[in-house]
Amino acid sequence: MANGVKRREFLGSMAGFALLPLEQEKPELILHNANVWTVNAAEPRAQAVAISRGRFLAVGSNSDVLNLAVSGVQKIDLGGKTVLPGFIDAHSHPSEAGRLHLRMVDCDLRSIQAIQTALRERATKTPAGEWVLGFKYDDTKTEENRALTIADLDAAVPDHPVRIQHRGGHTSYANSLAFRKAGIDEKTPDPPGGQISHDPSTGKLSGRVAESANNYFNKAIPLNFTREDCREGVKLISKMLARSGITSATEAQGVPEDLRAYQDAHEAGELLYRAYCFINYHFLDPMLEAGVRTGLGDEWVRVGAVKLVCDGSISERTARLSVPYEGRPSDFGILVMTEEEMYTHGRKAHLAGWQIGTHANGDVGIDTTLRVYERLQRESPRRDPRFRLEHCTVVNDELIARIKALGAIPTPFSTYVYYHGEKMRYYGADRLNHMFALRSFIDAGIRPTQASDYPPGPFEPMMALESEVTRTDSKGNVWGPKQRITIEEAIRVGTLHGAYASYEENIKGSLEAGKLADLVVLGRDPLRENPSTLITVPIERTMVGGRWSFEA
Ligand SMILES: [Zn+2]
């Protein structure tokens, strides 16, 4: 057998030799005099990298790499700055968010007054009678410490219909004209699975609607994104991600418009991150008919997993739990799909060679999803299915053992502890030690990723690192300290593990010769930084495929 292996290796190297260009490949760019953290276990530290045709030609010491310099090569002295692999956001909604940023006011502001000013400004640029829309509003984040009211919105914008969506996506707030346009008045009953809130003292509309009541507005608002808008959205979010050091992202609820927008933006030279585009299960059948499956595409735009949804949300407290929410003894959250539905869609995808990514937040949701995955693997074993548990927030030892046995990949929220600290009390101190459980996953030999879920969570990787290392929110409260990980671990989670989650660990996620030249240059070394100031480490430059996508 040994001979056989040797012969295959020999033939392999012959084939490789035949493909080499006549001249030896020369670097186009050398970055040197840097503090390089490679995330390559075989050679964790380096000083310089040489880049050719979008890939690393060499990673090593200054002298080794500078030795490769030929005339015409560009050399950049990084003055001792820290270089890391580009960050990989393994679950977010960038294309969708880009479209919303184009059309809507960003209401991630710290006072109701500031939100009113931003809306008023937008209204002055909007033809009378047309909608003024907002998103990323969070009722827990304004200094007035109360929710927006219909009166706030009427005062800000009286003569345009206004609708503001909550950051979590399940509730929204509107002014009087908007309610009229949506066909809702004080007497409109709550729709099934939805709520129209009233002021308890007067019985008048409070301005807030929840869950399925949002559909009244969704139907009344003509969003009509054109193909151009979708491309523009990707272009816009590309710049935002590049500025924060992200070089790859998963579109976690992709629809055909997203896949097309990515192709269009890439062709126009506007795509600045590598997209792994999930496909919502509603579009699975036409994809199967067209012979498409996970992995189709190239290193810029690739078809990702099929997306299923098992339960509710963490930030808006609807995830399905085995133990009820603190202070709400009969509230266990909700299941969105039945186990049988998940199995039916999952089986189709699994048999056709698709990766499956299922939204599962609560321990009951995760248990149900794992049962479906285990059944699929038992009935139709596949060699490397890399089942994904999107979010995988509330776990226990039994679930972790099953995740490990299945080789499944959790993608827990990276910035929630830091950013959504005020919502953590609904889960209780004990449960927080089993949430976003990076320590437990890593100790069990599982490969969790970094994932922002943007817009619901901020995408800045430096916030993710601080959140994961300190388990401390922006006000200094500590949530679930048992799940703290080291900064080295957090960087690996945010780079190489993200690549593994999309079957791309051989081409990205670490700085190694042959891999794609995706990296970030930081203003300070996060490995020497006080963990409580990691969020302030500046991103100075971002590179994707050998080109700077951002330079401060
Ligand atoms: Zn999501």
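**Core, zinc site and helix packing**

Biologist: The largest nonpolar core has 76 residues. Which of them touch the most other members?
Modeller: A nonpolar core is a set of buried Ala, Val, Leu, Ile, Met, Phe, Trp, Tyr and Cys residues joined through side-chain atoms within 4.5 Å. Buried means under 20% relative accessible area, exposed over 50%, partly exposed in between (1.4 Å probe, protein chains only). Of the 76 members, those that touch the most others are Y273 and W354.

Biologist: Which helix gives the most to this core?
Modeller: Helices (H or I, at least four residues) and strands (E, at least two) are DSSP runs, numbered from the N terminus. The helix that gives the most supplies six residues, and it is helix 8 (residues 227–243).

Biologist: What pLDDT do local features need?
Modeller: Residues are numbered from 1 along each chain as its sequence is written, and side-chain values use heavy atoms, with hydrogens and water left out. This is a predicted model: totals for chains, interfaces and linings use all residues, side-chain atom pairs count only at pLDDT 80 or more, and local features need pLDDT of at least 70.

Biologist: Now the metal. Which protein atoms are donors of the zinc ion?
Modeller: Donors are N, O and S atoms within 2.8 Å of the metal (3.2 Å for Na, K and Ca); water is not among the atoms, so sites may look incomplete. The protein donors lie 2.0 to 2.1 Å from the zinc ion. They are H91 (NE2), H93 (NE2) and D453 (OD).

Biologist: How many residues apart are H93 and D453?
Modeller: The donors follow the spacing H-x1-H-x359-D along the chain. H93 sits in the loop between strand 8 (87–92) and helix 3 (94–103), while D453 sits in the loop between helix 16 (438–443) and helix 17 (461–470). The pair thus links distant parts of the chain, with a separation of 360 residues.

Biologist: Is D453 buried or exposed?
Modeller: D453 is not a glycine, but has a positive phi, near 65 degrees. Its relative accessibility is 8%. Both H93 and D453 are buried.

Biologist: Which peptide bond is cis in the loop with P455?
Modeller: P455 lies in the loop between helix 16 and helix 17. Most residues other than glycine have a negative phi, and most peptide bonds are trans. Omega is near 10 degrees for the cis bond, which runs from Y454 to P455.

Biologist: What is the relative accessible area of R386?
Modeller: R386 lies in the loop between helix 12 and strand 19 (388–391). Its phi is positive, about 45 degrees, although it is not a glycine. R386 is buried, at a relative accessible area of 7%.

Biologist: A90 is in strand 8. Which residues does A90 touch beyond four places away in sequence?
Modeller: A90 is buried, with a relative accessible area of 1%. Contact means heavy atoms within 4.5 Å. The residues A90 touches are T250, R388, E390, T449, Q450 and A451.

Biologist: How many of the 10 residues of helix 3 are buried?
Modeller: The buried ones are P94, S95, A97, G98, R99, L100 and H101. Their cover includes strand 8, strand 10 (132–137), helix 8 and helix 9 (256–267). Helix 3 is largely enclosed by the rest of the structure, because its buried residues number seven.

Biologist: How does helix 3 lie against helix 8, roughly parallel or roughly perpendicular?
Modeller: Axes are lines fitted to C-alpha atoms, for helices over the stretch in contact, and angles run from 0 to 180 degrees between N-to-C directions. Angles under 35 degrees count as roughly parallel, over 145 as roughly antiparallel, 65 to 115 as roughly perpendicular and the rest as oblique. The axes of helix 3 and helix 8 come within 7 Å and cross at roughly 100 degrees. So helix 3 and helix 8 are roughly perpendicular.

Biologist: Is the crossing of helix 12 and helix 13 left-handed or right-handed?
Modeller: Helix 12 (residues 363–379) and helix 13 (residues 397–406) pack at about 30 degrees, with axes 11 Å apart. That makes them roughly parallel. A crossing is left-handed if the near helix is turned anticlockwise from the far one by less than a right angle, and right-handed if clockwise. The crossing of helix 12 and helix 13 is left-handed.

Biologist: And is the crossing of helix 11 and helix 12 left-handed or right-handed?
Modeller: Helix 11 (residues 339–351) packs on helix 12 at about 40 degrees, with axes 10 Å apart. That makes helix 11 oblique to helix 12. Their crossing is right-handed.
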